[in-house]
Amino acid sequence: MSPLLEGQVALVTGATQGIGRATVLALAEAGAKVWINHLDQPEAATALVARIAASGGQARAVQADVSSPTQVAAMFERVLGEGPLHILVNNAGIILEKPFLDTDEDDWARLLGVDLHAVYRCCRHALEHMQGRGDGCIVNIASELGQLGREGYAAYSAAKAGVIGLTKSLAREFAPHIRINGVAPGPVDTPMVSLEHMSAEMIAREVAIPAGRLGRPEEIAAAVLFLVSPGASFFHGQMLGANGGAWMGA
């Protein structure tokens, strides 16, 4: 275990697979006590807690649907009831590939409910606590599609663009004592990039980037770990582009 984040408590949403799981492991390895949020995946969460404990770390699981205001409130009540929260990583997300004119109100509400509204709710609860204490870090996971846009992904791209705007606005409002940044991953080898969620054509486009491959969850987790570490103390409102060169804009 590293002492980098010793004494810090972190909450990671959507944390039992993919980027969330890798982030939990990276934060725990750096010495943080980690709360593992999940939605109806108790076995995966329990296994992750056990893995961290076996390595000498500390972790707890907390079930909550982050698209539900009442469940988010209950999650934060439980977490904060056991002590301070220093780090929040808003990672939970879903994706939908669907032509815009076939995207109905339910599709739109479901995507924005998880990918944007949940980030707002979690940030609000965390910031009420962090502002009272006078410090803290938040990292929001966006996407390069929030910067690029893509046909068939209007709802997802809009939600992630909202996350980027929210991150920058909150960073200005709560600086200098609370640092709020984000990561906008490109295509990453997770269950979200699969035929269950994306067409074969779109998956092929995902690797047609300068890096020539999908990213690894651990590579995104490394960006998150940097942003919450003391080494990123001068970072406010930044969106790190861990995207394999998919987006090279400013």
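**Exercise 1. Find which ring R150 lies over, and how far it is from the ring centre.**

Solution. Start with the rule: a charge sits over a ring if NZ of Lys or CZ of Arg is within 6 Å of the ring centre and within 35 degrees of the ring normal. R150 lies over the face of Y153, at 5.9 Å from the ring centre. This is a predicted model: local features need pLDDT of at least 70, side-chain atom pairs count only at pLDDT 80 or more, and totals for chains, interfaces and linings use all residues. Residues are numbered from 1 along each chain as its sequence is written, and side-chain values use heavy atoms, with hydrogens and water left out.

**Exercise 2. Check the span of helix α3 (residues 69-81).**

Solution. Helices are DSSP runs (H or I, at least four residues), numbered from the N terminus, as are strands (E, at least two). The expected span is 1.5 Å times one less than the number of residues. For the 13 residues of α3 that gives 18 Å; the end C-alpha atoms are 18 Å apart, so the two agree.

**Exercise 3. Sort the residues of α3 into buried and exposed.**

Solution. Buried means under 20% relative accessible area, exposed over 50%, partly exposed in between (1.4 Å probe, protein chains only). V72, M75, F76 and V79 are the buried residues.
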